2 protein chains.
Amino acid sequence: MEKPTLPKGTRDFGPLQMARREYIFQTIRSVFQLYGFQPIETPAMENLSTLTGKYGEEGDQLLFKVLNSGDFLKDIERISLASIDSKNLAPQVAEKGLRYDLTVPFARYVVMNRHEITFPFKRYQIQPVWRADRPQKGRYREFYQCDADVIGTDSLTCEAEIILMIKAIFRRLGITDYSVKLNHRGILAGLASAMHASGKEGSLFVAIDKLDKIGEVAVRAELTERGFDTKAIDLLFQTLAFKGSNQEKLDMLNKSFADSPGVKDVRAVLQLLHSYGDNEEHVEFDISLARGLTYYTGCIFEVKVHGVAIGSVSGGGRYDNLTAIFDAREKSSGVGISFGVDRIYDVMDALNLFPEKTQATSDVLTCHLDEASSHYAMRVAATLRNHGISAEVYPDQAKLKKQLEYADKKKTRFVVVIGEDEMRSGQLTVKEMKTGTQEKMKLDELIRRISDQN
Amino acid sequence: MEKPTLPKGTRDFGPLQMARREYIFQTIRSVFQLYGFQPIETPAMENLSTLTGKYGEEGDQLLFKVLNSGDFLKDIERISLASIDSKNLAPQVAEKGLRYDLTVPFARYVVMNRHEITFPFKRYQIQPVWRADRPQKGRYREFYQCDADVIGTDSLTCEAEIILMIKAIFRRLGITDYSVKLNHRGILAGLASAMHASGKEGSLFVAIDKLDKIGEVAVRAELTERGFDTKAIDLLFQTLAFKGSNQEKLDMLNKSFADSPGVKDVRAVLQLLHSYGDNEEHVEFDISLARGLTYYTGCIFEVKVHGVAIGSVSGGGRYDNLTAIFDAREKSSGVGISFGVDRIYDVMDALNLFPEKTQATSDVLTCHLDEASSHYAMRVAATLRNHGISAEVYPDQAKLKKQLEYADKKKTRFVVVIGEDEMRSGQLTVKEMKTGTQEKMKLDELIRRISDQN
């Protein structure tokens, strides 16, 4: 019998990790709800026809495909198999795949349910996604995304509210040193046009997107290879190198590229923050922000936490035609943000930001010394539970030491020891595990104390 | 462009369903926590070597297999493909599968983490599972299970607490007319022995398990086919037909089969309910309860709600050797219960038990009539949010009628209309959507009212 293992790039989450992850989920969820977003869920498996072609060629290769059930070779001529390759066989034996993100399934949901949905539709979705990426530190094959999107309006208040939500979430999580980077695809398109590279925006976005990772020299080489001339590349890096406040950058762009819609949008979004009584703290207009995905058309966002070597923890943007991938008549503008819980977890862990009491554990373990006291312990536990206090009875007849060890390891808050004295007097021996203090009290008193603290 | 569809047997959940499902999850979760269970999660994909052979031959066929990523035919001799069948090719091209239940992944988790776990380990797990079953009403290919298991003790207090948890969950959900059926594999084994059919327990359990669905005649036929003689089958049905209280059934079995360990266990579990200050209400000792899964060795449970045509909504039992499937040295006794959320949902829906306010929706929509009032509306929404009140600003400049329709469809509780008068006086026009009543009040007053109600 071989020892069981986990598939590469996947993880189990134990009780402590679960509690910490739930703390992050709950923080994000509560802010999403505060802004009027409603939850939906979509299935793990989607038809491959829904997923394929939506994430670029590289994305297609990272889709996990699910083998058709039953006799999946039934309709395939066996002799043709001798010459077939994986790429051609796959579509014949697998028609479903695991979702790669939450945005494409959301677009599919909107197209399929458009008659029941109230637009503008503000939905959030917190579910795992799967990518057949090479696993490495901080990169998993199964990981959770937390997305919020508004679809059916092109109002820039949505962009402003997304920034406000990011700030609210980080404030609640206790993350203080971070930037919300903001840019606009229209500004990048304007740059491309100034570089006489209209039509090559895609290559430009992809190259700029790598700037953080591979540096200027390599990006220059890539652009040259893709047919951009030196003058154009110089113009690009001159623009990207501009240092200044958000306002100064906007003014500079205004001078160089006239008042493009991208510049106008970014200015409006920043102004809206003030209309909401907030400000531009943490918000950095960054002309070099490009984002990898092709479907963005307007504002784009990315969040970086400073002081930790962890990539962006959140990103998103506006897409004008996402639903059109499923139905050409459906052109609803939308804008969304996605939070990467795994990276936020790593940030919180590195900065020691998890509150002490995040572990779901019991308030009380009732310990007993013989059968009679075990029955008494059961009544005590039942009464505690009736008062909403989580309680356990040690299940076996065991030495007190073993019972206390169990409570200690499980970080139980109080231990109640029940012996003959306790049963006679009704005065329970109560030990607070963290402080080690021990006192006698009636059950009522214990209930009052714990209820006051909870 | 084809219209997108969902894979057979899978579903989307919209905001209303999500809220109702979350109500069920949260009820179950809070009771699990009240009894000291801690959450874990395992990945959707497991190695097929972990899953295969654990659910019987039929179960193996229902596993969803995930195609190896990359060139999955790379190591396969092409010429051999001409003669291969699906069954032989599958293990060569798919080494991972989607989890079929939460019990086997839990056993795998325990074996892999035994040095970090505090035993007895009480874990709960709420995650989807996948089965390539033929979809039909109430049967899906992706559905959630909510499991609680204790591993590392054979104490019958666990069985008693499982029954108490079931009763607590149903009480909180408002389901009043139901039975927790209780039986013991030892009693069924005793029956098999009395039928001179030791060694054929498996066939017996499977046949009895179908009694509800296919009736006595068909079960008799199946048992005859499997080599049971008529006298034995008569003895079986005579025993199963016995009517009486839990106590009377136990006494009857005592007479016929002497005091078997199974009978002793069931009696002890029922007595323990009284030790906890509870009683046998809703608890039915049912000798005809068998359960399909092979790994049960002790008490088994199943919950049926009366008055609705929906199968069992919960089931479980004790298994003495579950971890031994991964490591023969690991013989930890465990016992668990699984709740089927989809069926509980259908029961709650049929019995109209969902509370009215389960939908996550906003407390307030702030409506505006022009740009100036939209900025005022943003400040109002921001202030409400700062007080923990969920609020939206209608994102577009639109007619008031359209804004009110949005609030109405989304079941928003209050609408605040902001025009010139309101901005001048600070007296907001507040409409409660449900009653239609409209009054003027300051923002402070609105905050006070909603906070009092929340």
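This is a predicted model: local features need pLDDT of at least 70, side-chain atom pairs count only at pLDDT 80 or more; totals for chains, interfaces and linings use all residues.
Is Arg11(B) buried or exposed? Hold that thought for a minute, because at 17% relative accessibility, Arg11(B) counts as buried. I'll come back to what its side chain is doing in there.

Let's start with how the two chains sit together. If you take chain A, turn it by 180 degrees and shift it 0.0 Å along the axis, it can be laid on chain B with an RMSD of 0.1 Å. So the two copies are related as by a two-fold rotation axis. If you want to find that axis on your screen, go to Val66(A): in chain A, its C-alpha is the nearest one to the axis, 2.2 Å away. And how do the copies meet? They meet through the same surface, because 100% of the interface residues of chain A are interface residues in chain B too.

Now, salt bridges. Side chains of opposite charge can pair when their charged atoms come close. A search of the whole structure turns up 56 salt bridges over all chains, and I'll pick out a few.

Back to Arg11(B), as promised. Its side chain meets that of Asp342(B) in a salt bridge, 2.8 Å from N to O. This pair links distant parts of the chain: Asp342(B) is in helix H14 (residues 341-350) of chain B, while Arg11(B) is in the segment before helix H1 (15-34) of chain B, and the two are 331 residues apart. Asp342(B) counts as buried as well, at 8% relative accessibility.

Next, have a look at Glu422(A) and Lys440(A). Their side chains meet in a salt bridge at 3.4 Å, N to O. Glu422(A) lies in helix H17 (residues 420-425) of chain A and Lys440(A) in strand E16 (residues 438-441) of chain A, so this pair ties together parts that are 18 residues apart in sequence.

What about chain B? There, Lys440(B) forms a salt bridge with Glu422(B), and the closest N and O atoms are 3.4 Å apart. Lys440(B) lies in strand E16 (residues 438-441) of chain B and Glu422(B) in helix H17 (residues 420-425) of chain B, so parts 18 residues apart in sequence are tied together. Lys440(B) is partly exposed, with a relative accessible area of 44%, and Glu422(B) is buried, at 8%.

Salt bridges can also join up into a network here: Glu439(A), Glu445(A), Arg448(A), Arg449(A) and Asp452(A) are linked that way.

On to the rings. A pair of aromatic rings is described by the distance of the centres and the angle of the planes. Over all chains, the count comes to 24 aromatic pairs. Take Tyr295(A) and Tyr296(A): this pair is edge-to-face, 5.3 Å centre to centre with 70 degrees between the planes. Tyr295(A) is buried, with a relative accessible area of 14%, and Tyr296(A) is buried at 8%.

Now compare Phe106(B) and Phe121(B). Their ring centres are 6.0 Å apart and their planes are at 35 degrees, so that pair is tilted. Phe106(B) is in helix H6 (residues 103-112) of chain B and Phe121(B) in strand E5 (residues 121-130) of chain B, so you can follow this link between parts 15 residues apart. Both Phe106(B) and Phe121(B) are buried. There's a cluster to find too: Phe32(A), Phe37(A), Tyr124(A) and Phe339(A) form one aromatic cluster.

Lys122(B) lies over the face of Phe37(B), at 5.3 Å from the ring centre. For Lys200(B), the charged end sits over the ring of Phe228(B), 4.7 Å from its centre.

Last stop, the cysteines. How many disulfides are there over all chains? The count comes to zero. For Cys158(A), the nearest cysteine sulfur is that of Cys299(A), 11 Å away. Cys158(A) counts as buried, at 7% relative accessibility. Cys367(A) is in no disulfide either, and the nearest cysteine sulfur, that of Cys158(B), is 15 Å away. Cys367(A) is buried, with a relative accessible area of 0%.

Note on methods:
Residues are numbered from 1 along each chain as its sequence is written. Chains are lettered from A and ligands numbered from 1 in the order in which they are written. Side-chain values use heavy atoms; hydrogens and water are left out. Copies are superposed by least squares on the C-alpha atoms of residues with pLDDT of at least 70 in both. Contact means heavy atoms within 4.5 Å. A disulfide is a pair of cysteine sulfur atoms within 2.5 Å. Buried means under 20% relative accessible area, exposed over 50%, partly exposed in between (1.4 Å probe, protein chains only). Rings of Phe, Tyr and Trp (its six-membered ring) pair if their centres lie within 6.5 Å; planes under 30 degrees apart count as stacked, over 60 as edge-to-face and the rest as tilted. Helices (H or I, at least four residues) and strands (E, at least two) are DSSP runs, numbered from the N terminus. A charge sits over a ring if NZ of Lys or CZ of Arg is within 6 Å of the ring centre and within 35 degrees of the ring normal. A salt bridge is a side-chain nitrogen of Lys or Arg within 4 Å of a carboxyl oxygen of Asp or Glu.
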